[in-house]
Amino acid sequence: MSSNIVYQPSQTTHWRNLFESKSMLLGSHNLNEGEELVCNINCAGIETIKNKSGGDEKVPVLHFSNAPSMVLNITNTKMIAGLYGDLCEHWAGKSIQVYATKVKAFGAVTTALRIRPVIPV
């Protein structure tokens, strides 16, 4: 399957887009099948979000100029560090290529966002 590079999140009809709290952050629901989103990084930081239990949780978040913010997991954080270095303040102004893929997590298969190990042009 070939990928389609896009520079803005897609207006999909995924059910998550029906819920405002689910559409505030970048997720696989922002990409149509086969799309890969080039995101322009503004900054990285720590933010408080509501977790699945309804409690507050502080998480690392990447802010973009052309897409909703994205919660970072360790896999994606290491990929960005591999592309642009360990100091997150050096990531501002850089771009990453985000795609959705199936992963096994917490005993279930789900769709997750991942970052390509390439610097987009």
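What follows is a chat about the labels used for this structure.

Reply: Ground rules before we start. This is a predicted model, where local features need pLDDT of at least 70 and side-chain atom pairs count only at pLDDT 80 or more, while totals for chains, interfaces and linings use all residues. Residues are numbered from 1 along each chain as its sequence is written, and side-chain values use heavy atoms, with hydrogens and water left out.

Me: How do you know how confident the predictor is in this chain?

Reply: Look at pLDDT, the predictor's confidence in each residue, from 0 to 100. The chain averages 88, and 86% of the residues score at least 70. Helices (H or I, at least four residues) and strands (E, at least two) are DSSP runs, numbered from the N terminus.

Me: Why is Asn66 called buried?

Reply: Buried means under 20% relative accessible area, exposed means over 50%, and partly exposed is in between (1.4 Å probe, protein chains only). Asn66 has a relative accessible area of 9%, so it is buried. You'll find Asn66 in the loop between β3 and β4.

Me: What makes polar contacts with the side chain of Asn66?

Reply: A polar contact is a pair of N or O atoms within 3.5 Å; within protein, one must be able to donate a hydrogen and the other to accept it, and residues adjacent in sequence count only if both atoms are side-chain atoms. A polar atom of the Asn66 side chain lies 2.9 Å from the backbone oxygen of Val38. The Asn66 side chain also reaches the backbone nitrogen of Asn40, again at 2.9 Å.

Me: Why does Ser69 count as buried?

Reply: Its relative accessible area is 16%, so Ser69 is buried. Ser69 is in the loop between β3 and β4 too. Its side chain makes a polar contact with the side chain of His63, at 2.7 Å. For plain contacts, the rule is heavy atoms within 4.5 Å. Leaving aside neighbours within four places in sequence, Ser69 touches several residues, including Met24, Leu25 and Phe64.

Me: And why is Phe106 called exposed?

Reply: Phe106 has 89% relative accessibility, so it counts as exposed. Phe106 lies in the loop between β5 (95-105) and β6 (108-115). Its phi is near 55°, a positive value in a residue other than glycine.

Me: Why do the buried residues of α2 line one face of the helix?

Reply: In helix α2 (residues 74-84), the residues Asn76, Ile80, Ala81, Leu83 and Tyr84 are buried. Seen down the axis, they fall within an arc of 160°, so they line one face of the helix. That arc is taken from the directions from the helix axis to the C-beta atoms. On the other side of α2, Ile74, Lys78 and Gly82 are exposed. The cover over the buried residues includes β3 (56-64), β4 (70-71), β5 and β6.

Me: How do you know that β2 pairs with other strands?

Reply: Two strands pair if DSSP finds at least two bridges between them. β1 and β2 (residues 35-50) pair in the parallel sense over three bridges.

Me: What is Asn4 doing in that picture, and why is it called partly exposed?

Reply: Asn4 is in strand β1 (residues 4-6) and stands opposite Glu35 in β2. At 42% relative accessibility, Asn4 counts as partly exposed. The C-alpha atoms of Asn4 and Gly34 are separated by 5.9 Å, although these residues are 30 apart along the chain.

Me: How do you know there are zero disulfides?

Reply: A disulfide is a pair of cysteine sulfur atoms within 2.5 Å, and a search of the whole structure finds zero of them. Take Cys88, which is in no disulfide: the nearest cysteine sulfur, that of Cys43, is 9.1 Å away. Cys88 has 34% relative accessibility, so it counts as partly exposed. Cys39, at 0%, counts as buried.
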